[in-house]
Amino acid sequence: MNDGRTTSTTGGSAAGSPTGAATGAAASAVTGPAGSLSPAGAAGSAGSAGAALGSAAAAPAPAGVPSNAPAPAHPTGPRGATGSSGPAGAAGSPGSAEAVVPVASGTGGGSTPASARDAAARPVFAVEGLWKVFGPKADRVPADPGLAALDAAELRSRTGCTAAVRDVSFDVRKGEVFVVMGLSGSGKSTLVRCLTRLIEPTAGTIAIDGEDVRAMDRARLRELRRHRAAMVFQHFGLLPHRTVLDNVAYGLEVQGMGRRERREKAREVVAKVGLDGLEQRRPGQLSGGQQQRVGLARALAVDPEVLLFDEPFSALDPLIRRDMQEEVIRLHREEGRTMVFITHDLNEALRLGDRIALMRDGRVVQLGTPEEIVGSPADDYVREFVRDVPREQVMTVRTAMRPASAREAGEGPALAPRATVSEAIEAVARTGQAARVMDGGRCLGVVDHERLLGVVAGTDRGEAV
Ligand SMILES: Nc1ncnc2c1ncn2[C@@H]1O[C@H](COP(=O)(O)OP(=O)(O)OP(=O)(O)O)[C@@H](O)[C@H]1O
């Protein structure tokens, strides 16, 4: 069985590499201008620069040292990759994603009841052995190992069935942005729709906060979709004759909230997504990006535990798209809300994801942080997928460092563990010294010319520090 919980290879072959379009677009976008139209973008850039270093002598605690903030999002581009789930990092090793469960920091004390600790550590979604097969007598496919092992073409010709999701297992952790990425037809939408049974799974288990989703009756499912896991679609599905405010209030109206209260709440959320002053417009009087903000506001208004995004920005032009990505990053940073985000765009996945599940032919071929996926591709398919990503913008110094000698530990520019290799190159080039990777005043290791070049060239095979 494919346990997608860790970085895993499940039979992906070198054949059939991802389209050049995907990687090419990613590469150009990753290296493209960081400018954003939104204030969030500006803030992010500042934060990013701040992550780089303190000066050699004074070496104050580096600004980028991970805080205890909930599952940090990424300030600018893929550099936030390692922001993933907090301090432990240890990126690069396949199991490391498991080691950094962002349990609320206050729950570790001895006096905390076990039940409270369990609740904090419990994933929002837990998916195990999930299958979705379309076609006649679909149930027999996961039940029969012979059929389950067939590739897509053979399965279709033998049974008339399509296995859109094949034996997928993963957790979505509280407060993370979990990205489901893959080329068209890889099964992303089917997988995410199964989470709230907008599509009925064929086999496997799905739990939300420990509750069995497959056992829910209609009323409970409705409650799940309305209150707990709201979806933001690519086509915004706005009501054309209603104003922005009333569109946003719609979900609250359905929930039975009174008019005054829901309009007040809607006004608040409209402001939060930057649509102040447009409350009385109708969707037809808005740009695509503004309409998507209304869609986002509508989902946010019901204050769901988790937001599910189905390629929400793929119809938007690149600048607006980037703007909306910044918006999601900002909202995530401010609210720490759990998000599941579908995209076929690698760059978007690297920018937004704390962890990424990369799908191919219904399977998760690799699940890991952006740094794990770029730094340790699980197979040739993933390697080809990430080939054009500038590694130095994703890989962090935590992965690139080597042990420091006593002398090195006391001098040189200081970097936070999550600073990118790109930031380290700048520091090393400017000072001519190896840079120290500092965490709370402790030197974890150093990065020098050799290590940094190794990352850029893709020849690094980081030795554990
Ligand atoms: N209702 C259906 N009946 C039969 N096959 C389906 C159905 N819905 C999806 N599929 C098939 O399941 C596979 C996965 O489709 P899915 O829409 O989940 O992929 P995707 O990765 O979201 O693609 P895209 O990025 O193009 O939206 C595809 O082969 C698709 O043709």
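I started at the ligand and found one of its oxygen atoms 2.5 Å from an N or O atom in the side chain of Thr190. I count this as a polar contact, a pair of N or O atoms within 3.5 Å; within protein, one must be able to donate a hydrogen and the other to accept it, and residues adjacent in sequence count only if both atoms are side-chain atoms.

A note on what I am reading: this is a predicted model, where local features need pLDDT of at least 70 and side-chain atom pairs count only at pLDDT 80 or more, while totals for chains, interfaces and linings use all residues. Residues are numbered from 1 along each chain as its sequence is written, and side-chain values use heavy atoms, with hydrogens and water left out.

Which residues surround the ligand? I listed Phe134, Thr162, Ala164, Leu183, Ser184, Gly185, Ser186, Gly187, Lys188, Ser189, Thr190 and Glu311, each with a heavy atom within 4 Å of the ligand. Helix 8 gives the most to this shell, three residues. Helices here are DSSP runs of H or I with at least four residues, strands are runs of E with at least two, and both are numbered from the N terminus.

**The largest pocket**

I put its volume at about 500 Å³, the space filled by probe spheres set on grid points joined across faces, edges and corners. A pocket is an open set of points on a 1 Å grid over the protein atoms alone, where a 1.4 Å probe fits, with protein on both sides within 12 Å along at least five of seven lines; lining residues have an atom within 4 Å of a point. I found 21 lining residues, with Arg225, Arg226, Ala230, Met231 and Arg298 nearest the centre. Strand 6 supplies the largest share, five residues.

**A sheet and a helix cap**

I traced three strands in an open, mixed sheet, in the order 11-12-13. Strand 11 (414–415) and strand 13 (442–447) each have a single partner strand, so one side of each is left without a neighbour in the sheet. Strands pair if DSSP finds at least two bridges between them; strands 12 and 13 run antiparallel and have five. Arg436 stands opposite Val446 in strand 13.

Last, I checked helix 7 (152–159): Asp151 caps its N-terminal end, with a side-chain oxygen 3.2 Å from the backbone nitrogen of Ala153. Just after helix 7, Gly160 has a positive phi of about 75°.
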